[in-house]
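I opened my notebook to look up a few features of one structure. My entries follow.

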Amino acid sequence: MDYAHRVLSRSTPALKKLSLKPSEYIRRAVRFTPFPGEDVGRMIKDAGPELFLFSSDYPHPEGTDDPIRRFERTMDGITEDAKEQFYNKNFEVMMGAA
(Lines give C-alpha, C1' and ligand atoms only; values in the text may rest on other atoms or scores of the structure.)
Protein backbone atom coordinates (compact mmCIF):
# COMPACT_ATOMS: atom_id res chain seq x y z
CA MET A 1 0.00 0.00 0.00
CA ASP A 2 2.73 2.43 0.92
CA TYR A 3 4.65 1.69 -2.28
CA ALA A 4 1.54 2.16 -4.44
CA HIS A 5 0.75 5.39 -2.58
CA ARG A 6 4.28 6.69 -3.13
CA VAL A 7 4.20 5.88 -6.86
CA LEU A 8 0.62 7.00 -7.55
CA SER A 9 0.87 10.21 -5.53
CA ARG A 10 3.23 11.57 -8.19
CA SER A 11 0.29 11.84 -10.60
CA THR A 12 -2.69 12.01 -8.23
CA PRO A 13 -2.85 15.26 -6.26
CA ALA A 14 -5.43 13.95 -3.76
CA LEU A 15 -3.00 11.27 -2.58
CA LYS A 16 -0.38 13.92 -1.79
CA LYS A 17 -2.82 15.49 0.68
CA LEU A 18 -2.99 12.41 2.93
CA SER A 19 -1.35 13.18 6.25
CA LEU A 20 -0.40 9.55 6.92
CA LYS A 21 0.90 6.65 4.87
CA PRO A 22 -1.76 4.02 4.06
CA SER A 23 -0.14 1.55 6.46
CA GLU A 24 -0.44 4.11 9.25
CA TYR A 25 -4.18 4.49 8.62
CA ILE A 26 -4.51 0.69 8.81
CA ARG A 27 -2.54 0.51 12.07
CA ARG A 28 -4.69 3.26 13.56
CA ALA A 29 -8.11 1.93 12.52
CA VAL A 30 -8.04 -1.81 11.80
CA ARG A 31 -7.58 -4.96 13.89
CA PHE A 32 -7.70 -8.56 12.73
CA THR A 33 -9.07 -11.70 14.40
CA PRO A 34 -7.55 -14.71 12.65
CA PHE A 35 -9.16 -18.12 12.56
CA PRO A 36 -7.48 -20.75 14.75
CA GLY A 37 -6.16 -22.58 11.67
CA GLU A 38 -4.26 -19.53 10.45
CA ASP A 39 -0.59 -18.92 11.20
CA VAL A 40 -0.97 -16.07 13.68
CA GLY A 41 2.68 -16.38 14.68
CA ARG A 42 3.72 -15.53 11.14
CA MET A 43 1.22 -12.68 11.02
CA ILE A 44 2.63 -11.21 14.23
CA LYS A 45 6.20 -11.58 12.95
CA ASP A 46 5.35 -9.94 9.62
CA ALA A 47 3.05 -7.10 10.71
CA GLY A 48 3.54 -6.63 14.45
CA PRO A 49 1.62 -7.80 17.51
CA GLU A 50 -0.62 -4.72 17.83
CA LEU A 51 -2.82 -5.65 14.86
CA PHE A 52 -4.17 -9.04 15.98
CA LEU A 53 -6.69 -10.15 18.59
CA PHE A 54 -7.71 -13.56 19.86
CA SER A 55 -11.18 -14.69 18.92
CA SER A 56 -13.07 -17.93 18.67
CA ASP A 57 -16.43 -18.89 17.32
CA TYR A 58 -16.62 -21.90 19.64
CA PRO A 59 -18.71 -24.06 19.68
CA HIS A 60 -19.17 -23.59 15.94
CA PRO A 61 -16.83 -25.72 13.80
CA GLU A 62 -14.65 -22.82 12.64
CA GLY A 63 -13.92 -22.03 16.30
CA THR A 64 -12.51 -25.55 16.77
CA ASP A 65 -12.54 -27.42 20.04
CA ASP A 66 -9.23 -25.90 21.23
CA PRO A 67 -8.45 -22.56 19.54
CA ILE A 68 -5.76 -21.57 22.02
CA ARG A 69 -3.75 -24.74 21.34
CA ARG A 70 -4.05 -24.14 17.59
CA PHE A 71 -2.85 -20.55 17.89
CA GLU A 72 -0.02 -21.58 20.23
CA ARG A 73 1.26 -24.12 17.68
CA THR A 74 2.17 -21.22 15.39
CA MET A 75 3.79 -18.99 18.00
CA ASP A 76 7.33 -20.33 18.21
CA GLY A 77 9.61 -17.34 18.67
CA ILE A 78 6.79 -15.00 19.69
CA THR A 79 7.54 -13.18 22.95
CA GLU A 80 5.30 -13.56 25.98
CA ASP A 81 4.51 -9.84 25.75
CA ALA A 82 3.35 -10.22 22.13
CA LYS A 83 1.20 -13.19 23.16
CA GLU A 84 -0.30 -11.14 25.98
CA GLN A 85 -1.12 -8.43 23.44
CA PHE A 86 -2.81 -11.00 21.20
CA TYR A 87 -4.81 -12.72 23.92
CA ASN A 88 -5.70 -9.71 26.11
CA LYS A 89 -4.12 -6.28 25.77
CA ASN A 90 -5.12 -5.46 22.19
CA PHE A 91 -8.77 -6.05 23.05
CA GLU A 92 -8.49 -3.92 26.18
CA VAL A 93 -6.89 -1.09 24.20
CA MET A 94 -9.53 -1.33 21.47
CA MET A 95 -12.31 -1.15 24.05
CA GLY A 96 -10.69 1.74 25.92
CA ALA A 97 -10.02 -0.29 29.06
CA ALA A 98 -6.25 0.04 29.00
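Is D81 buried, partly exposed or exposed? I looked up D81 and found a relative accessible area of 45%, so D81 is partly exposed. My cut-offs: buried is under 20% relative accessible area, exposed is over 50%, and partly exposed is in between, with a 1.4 Å probe and protein chains only.

**Ground rules.** I am reading a predicted model, where local features need pLDDT of at least 70, side-chain atom pairs count only at pLDDT 80 or more, and totals for chains, interfaces and linings use all residues. Residues are numbered from 1 along each chain as its sequence is written, and side-chain values use heavy atoms, with hydrogens and water left out.

**Salt bridges.** I counted a side-chain nitrogen of Lys or Arg within 4 Å of a carboxyl oxygen of Asp or Glu. The count came to six salt bridges. D81 meets K89 in one of them, at 3.3 Å from N to O. K89 has 34% relative accessibility, so K89 is partly exposed.

Next I followed K83. Its salt bridge with E72 has the closest N and O atoms 3.1 Å apart. E72 lies in helix α5 and K83 in helix α6, so this pair ties together parts that are eleven residues apart in sequence. For helices I used DSSP runs (H or I, at least four residues), numbered from the N terminus. K83 also forms a salt bridge with E80, at 3.6 Å from N to O. K83 and E80 both lie in helix α6, three residues apart, about one turn of the helix. Shared partners join E72, E80 and K83 into one network.

I then checked the accessibility of these three. K83 is at 13%, so K83 counts as buried. E72 is at 29% and counts as partly exposed. E80 is at 60% and counts as exposed.

**Aromatic pairs.** I searched for rings of Phe, Tyr and Trp (its six-membered ring) with centres within 6.5 Å; planes under 30 degrees apart are stacked, over 60 edge-to-face, and the rest tilted. The whole structure gave six aromatic pairs. One of them is F54 with Y87, a tilted pair at 5.7 Å centre to centre and 50° between the planes. F54 lies in the loop between α4 and α5, and Y87 in helix α6, so the pair ties together parts that are 33 residues apart in sequence. For F71 and F86, the centres are 5.1 Å apart and the planes are at 75°, so the pair is edge-to-face. F71 is in helix α5 and F86 in helix α6, so this pair links parts 15 residues apart in sequence. F54, F71, F86 and Y87 form one aromatic cluster.

**Core.** Which residues make the largest nonpolar core? I listed nine: V40, I44, L51, F52, F71, M75, I78, A82 and F86. Helices α4 and α6 each supply at least two residues of this core. A nonpolar core is a set of buried Ala, Val, Leu, Ile, Met, Phe, Trp, Tyr and Cys residues joined through side-chain atoms within 4.5 Å.

I picked out I78. I78 sits in the loop between α5 and α6. I78 is at 9% relative accessibility, so I78 counts as buried. Contact here means heavy atoms within 4.5 Å. Leaving aside neighbours within four places in sequence, I78 is in contact with G41, I44, K45 and K83. With the same exclusion, M75 touches V40, G41, K83, F86 and Y87.
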